[in-house]
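Please read them beside the sequence and the coordinates.

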Amino acid sequence: GTESRSYTSSGSMIVVSNRLPFVLKRNDLSGKLERKASAGGLVTAVAPVVINGNGIWVGWPGMHMDNPNEQIPESDPTDRTPTAGLLSKKVVAVHVEPTVFDSYYNGCCNGTFWPLFHSMPDRATFIADHWKAYSTVNEEFAAKTVNALEMIHKEQAGQVSGTPLVWVHDYHLMLCANWIRQAADEKNLKLKLGFFLHIPFPPWDIFRLFPWADEILQGMLGCDMVGFHIQDYCLNFVDCCQRSLGCRVDRKNLLVEHGGRTVRVRPLPIGIPFDRFVSLAETAPKVMSTNLKIVLGVDRLDYTKGLVHRLKAFEMLLEKHPEHREQVTLLQIAVPSRTDVREYQDLKLEIDQLIGSINGRFTTPNWSPIRYIYGCVSQDELAAFYRDAAVALVTPLRDGMNLVAKEFVACQINTPPGVLIVSPFAGAGEMMHEALICNPYEIDDAAEVIHRALTMPEDERTLRMNHLRRRERIYDVNHWMKSFLQVMGSLEERDSVGATV
Ligand code: ADP
Ligand code: G6P
């Protein structure tokens, strides 16, 4: 749309996220800083708009720097990732003292908000010091963002440009927006402020367990627009605003009134760079030399991903349907994640043990039921795994969206294709109707669903996969980006809450 063009050309976008689109590492030999690309969905989606529009990215550089003024290096000339064009002068690194960062990131973000927002309150800790650190770090992010905003206003002085757009991302930065708005108002800096949450927003009954719940909502309501993956999360948020803060709300039009302003709440389901995955799948060399059917799992090693349930379901499959023994193997790729948090350390041990016990039980001289990779794989390898798998198991207990399900269908270019199994508790499960839907908590049924996938006739597989791929191709990551910019662009038109519904 025109709005996406105007932001691209006016150069007025500031993206704020916990991680920068790259991680800094110090070269052991030269002692120099180097960039390592972090090519997640967010980066691939947002980087081109920031780069083409001469925009700014505010975030944590992934390491502690003793000298915060040390120059951030430009990207390596051989770098082909979407981040390569991001010039260092357009990067604002937020520096936080390591112990404060630990309480913020491991403590509050991943010890409190991650489990709570995934509706697993028993895993959440509520510690005042962590909350304090969260607040401190959010204030620091806000301060850096306002500096960047000032810079943009100075550069634009006298020019006819659009209002600068500030886009804050995810559960690490829920307090930021309100402070950005206050400081911008004091300094008379115009802006449009948007927020997107990449994880679920929980129902009121869960959200209210957080002792400082009101402050979170007030923080987010500092925005003009708050985006979530799906309608359910929007409704949960609107509900919490009404019940916690007593805001006037409009559930039908998803509006919340707060502090004399009206905040728009919008479902904006994220997509993937579909075409990029197709071309990766077209060119990636085969990585598995096997005649076995591959059942594939790809996840960060996280308790929300349902790995324990998944392994038990696979064990049940081998028990109930022995015809699959020596014919099928489960390839589980798990990326190490948040390894300083105890819940993640415990899970690692549990998975190691369970895989050992299942393999010990069923392995024969020529076959093991489970192959397990604990580590990162390259994009090429990943695309080859997705392409060559017979079944993908995407069975989280709770997941904001889940990009793996979408990447799998993009890479399914072989005929006949494989089968996607997806949990209804992932945002992706809401929209990918042609997948086999599987409740991961119901282990017996999950085993039957895997059996059904492995024995599904070719024409049914083709029909389902064609539908899935068609949808993901249209609703790709560019579509997501454009939808966001469109909503932000139409903010001039005044919203108002007609009645409390
Ligand atoms: P989450 O955001 O909770 O990690 P998603 O499924 O939405 O879950 O996104 C995970 C992203 O990480 C995907 O883009 C996927 O390709 C990538 N990824 C997952 N596992 C690996 C791995 N072993 N190596 C490289 N990338 C991975
Ligand atoms: C989820 C979150 C992201 C986060 C990613 C990896 O996708 O929504 O904000 O970056 O997990 O987690 P990490 O803790 O390594 O940043």
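1. In this predicted model, R19 places a polar side-chain atom 2.7 Å from an oxygen atom of ligand 2. A side-chain N or O atom of Y105 lies 2.5 Å from an oxygen atom of ligand 2, and for R338 the distance from a polar side-chain atom to an oxygen atom of the ligand is 2.9 Å. Taken on its own, ligand 2 has 380 Å² of accessible area, of which the protein covers 71%.

2. Which residues surround ligand 2? The shell consists of R19, Y105, D170, Y171, H172, H198, I199, R300 and R338, and by class these residues divide into 4 charged, 3 nonpolar and 2 polar.

3. Strand β6, residues 165-169, is largely enclosed by the rest of the structure, because 5 of its 5 residues are buried. The burial concerns both faces of β6, with L165, W167 and H169 on one side and V166 and V168 on the other.

4. As to its pairing, β6 runs parallel to strand β1 (residues 13-19), to which 4 bridges join it, and it also runs parallel to strand β7 (residues 192-196), here through 5 bridges.

Terms used
Residues numbered from 1 in each chain as written. Chains lettered and ligands numbered in written order. Predicted model: local features only at pLDDT ≥ 70, side-chain atom pairs only at ≥ 80, totals over all residues. Heavy atoms only, no water. Near = heavy atom within 4 Å. Polar contact = N/O pair within 3.5 Å; in protein donor to acceptor, adjacent residues only side chain to side chain. Areas by Shrake-Rupley, 256 points an atom, 1.4 Å probe, with all protein chains shown as cover. Nonpolar A, V, L, I, M, F, W, Y, C, P; charged D, E, K, R; others polar. Buried < 20%, exposed > 50% of the residue type's maximum accessible area, 1.4 Å probe, protein only. Helix = DSSP H or I, 4+ residues; strand = E, 2+ residues; numbered from the N terminus. Pairing = 2+ DSSP bridges.
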